[in-house]
Amino acid sequence: MANVIEQLLVLQTCDQEIRRLRKEMEDIPLRRQQIEARLNAHQEGLAQAERELLEARSRIKHLEGEIDSAREQIKKYRDQQLQIKSNDGYKALEKEVAVTQAAIRKLEDQELAAMEVVEAATAMAGQRRESLAGEQKQVDEEVKALLARGEDVGGELARQEDERKAVAAGIDPVWLRRYERIFAKQRDAAIARVEHGTCGSCHMKLSPAQIVDARKTDTLTLCDFCGRMLYLAS
Ligand SMILES: [Zn+2]
């Protein structure tokens, strides 16, 4: 029984490591999500550029259709002019032709502008595709490293759990249960060292009687303030 605190300290080191490794394992899916989320902005940027490209192309198609029908209209005016007898009628058609030609020039200007948009959007989409591919490569590497780390952590966890089992097997079951109850409640440790008359965990000043008790290794002394098991290093 003399070294039960020492045994428990070894066990606690295992338990702390197991706790840390389990937390790391649990965090892996979230960390993976965070890494992969970096692709979102790149994917959205590319989709936006592709949308702009599509819109500009369909605008060009639409303008070309309008230009074609305006040219058809001019042809009809010319045919009508061949058949018309009156000078006024001829002039009126000539005016219509001029108006339609002006409309065509306007449409052609719009088409030119749309072609410039296509050119810019094509370049932009190319850039976005490139930066997405670059980010994808980095993300893939980071995810791969993270999954490899997960495997290492899994192996280390299994080793620690085996070691813990071996250490726990040598400890008095009554002390073991007490320790386990306290460890489950505390975030860091179940056992606190008495340091300069205070609890090493919660740093509250202990009574002289508690300090005397903490020296005994065959009884259990708990900190009045935080409930951890106290021990005094000899
Ligand atoms: Zn305490």
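# Questions on a predicted model

Me: In which helix does Asp152 lie?
Reply: The model is predicted, with local features needing pLDDT of at least 70, side-chain atom pairs counting only at pLDDT 80 or more, and totals for chains, interfaces and linings using all residues. Residues are numbered from 1 along each chain as its sequence is written. Helices (H or I, at least four residues) and strands (E, at least two) are DSSP runs, numbered from the N terminus. On that numbering, the helix holding Asp152 is α2.

Me: Is Asp152 buried or exposed?
Reply: A residue is buried if 20 or more other C-beta atoms, placed from the backbone, lie within 10 Å of its own, exposed if 12 or fewer, and partly exposed in between. Asp152 has 12 C-beta neighbours inside 10 Å, so it counts as exposed.

Me: How far apart are the C-alpha atoms of Asp152 and Arg178?
Reply: Along the chain, Asp152 and Arg178 are 26 residues apart.

Me: What span does helix α2 reach from its first C-alpha to its last?
Reply: Helix α2 runs over residues 87-169 and has 83 residues.

Me: Which element is included in what covers the buried residues of α2?
Reply: The buried residues of α2 are Ala114, Ala121, Ala125 and Gln160. Their cover is judged by contact (C-beta atoms, placed from the backbone, within 7 Å). What covers them includes residues 4-83, that is, α1.

Me: How is α1 placed relative to α3?
Reply: α1 and helix α3 (residues 173-185) pack with their axes 11 Å apart, at an angle of about 40 degrees. Axes are lines fitted to C-alpha atoms, for helices over the stretch in contact, and angles run from 0 to 180 degrees between N-to-C directions. Angles under 35 degrees count as roughly parallel, over 145 as roughly antiparallel, 65 to 115 as roughly perpendicular and the rest as oblique. The angle therefore makes α1, relative to α3, oblique.

Me: Which residues of α3 make the contact with α1?
Reply: From α1, the contact is made by Val4, Leu8, Leu11, Gln12 and Asp15. From α3, it is made by Trp175, Tyr179 and Phe183.

Me: What separation do the centres of domain 1 and domain 2 have?
Reply: An automatic or database domain assignment sets the bounds. It gives domain 1 (26-171) and domain 2 (172-234). Taken over C-alpha atoms, the distance between the two centres is 65 Å.

Me: What is the phi of His196 near?
Reply: His196 lies in the loop between β1 (191-195) and β2 (198-199). With 8 C-beta neighbours inside 10 Å, this histidine counts as exposed. Its phi is positive in a residue other than glycine, near 50 degrees.

Me: What is the phi of His203 near?
Reply: His203 is placed in the loop between β2 and α4. With 12 other C-beta atoms within 10 Å, His203 is exposed. Its phi is again positive in a residue other than glycine, near 65 degrees.

Me: How far is Ala209 from Arg159 in space?
Reply: Ala209 lies in helix α4. It is exposed, because 9 other C-beta atoms lie within 10 Å. Ala209 and Arg159 are 50 residues apart in sequence, and their C-alpha to C-alpha distance is 40 Å.

Me: What distance separates the C-alpha atoms of Thr217 and Met124?
Reply: Thr217 is in the loop between α4 (208-215) and β3 (229-231). It has 16 C-beta neighbours inside 10 Å and so counts as partly exposed. Thr217 and Met124 are 93 residues apart along the chain, and their C-alpha atoms are separated by 74 Å.

Technical notes:
Expected span 1.5 Å × (residues − 1). Contact = placed C-beta atoms within 7 Å.
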